[in-house]
Amino acid sequence: MEVKVDQDLCISCGLCVSSCPEIFGWNDDEKAETSGEPVEEEFEECIQEAADGCPTDAIETG
Ligand code: SF4
């Protein structure tokens, strides 16, 4: 699974960072970001929860 954050859509609400801190962090623009590396299966559930809960649909998975 791959996951990334659309920087134009992120409003820095913090939901993804608090629900899935192993995957999401803050960048210098104070927007959420991921490493860009493929993520391990164990994190897929919390990533999906974060993606579903993101108020601006900024989290893209594939
Ligand atoms: S949940 Fe969405 S809007 Fe909130 S910090 Fe994460 S990517 Fe940004």
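The shell around the ligand holds 12 nonpolar residues, 3 polar residues and no charged ones. In this predicted model, 15 residues surround the ligand. The closest are C10, C13, L15, C16 and C54.

C16 also belongs to the largest nonpolar core, which has 13 residues. Together with C20, F24, A50 and I59, C16 touches the most other members of that core. Two elements give two or more residues to the core: strand β1 (3-5) and helix α2 (44-53). The contacts of C20 were examined with residues up to four places away in sequence left out. On that count, C20 touches F43, C46, I47 and A50.

Helix α2 also carries D52. This residue counts as exposed because it has 9 C-beta neighbours inside 10 Å, and the cut-off for exposure is 12 or fewer. D52 and Q7 are 45 residues apart along the chain. Their C-alpha atoms are separated by 17 Å.

Most residues other than glycine have a negative phi. E30 is not a glycine, yet its phi is positive, near 60°. E30 lies in the loop between β2 (25-26) and β3 (32-33). With 8 C-beta neighbours inside 10 Å, E30 counts as exposed.

D57 is likewise not a glycine and has a positive phi, about 55°. D57 is found in the loop between α2 and β4 (59-61). D57 has 10 C-beta neighbours inside 10 Å and therefore counts as exposed.

Definitions and conventions
Residues are numbered from 1 along each chain as its sequence is written. This is a predicted model: local features need pLDDT of at least 70, side-chain atom pairs count only at pLDDT 80 or more; totals for chains, interfaces and linings use all residues. A residue is near a molecule or strand if its C-beta atom, placed from the backbone, lies within 6 Å of it. Ala, Val, Leu, Ile, Met, Phe, Trp, Tyr, Cys and Pro count as nonpolar, Asp, Glu, Lys and Arg as charged, and the others, Gly among them, as polar. A nonpolar core is a set of buried Ala, Val, Leu, Ile, Met, Phe, Trp, Tyr and Cys residues joined through C-beta atoms within 7 Å. A residue is buried if 20 or more other C-beta atoms lie within 10 Å of its own, exposed if 12 or fewer, and partly exposed in between; C-beta atoms are placed from the backbone. Helices (H or I, at least four residues) and strands (E, at least two) are DSSP runs, numbered from the N terminus. Two residues are in contact if their C-beta atoms, placed from the backbone, lie within 7 Å.
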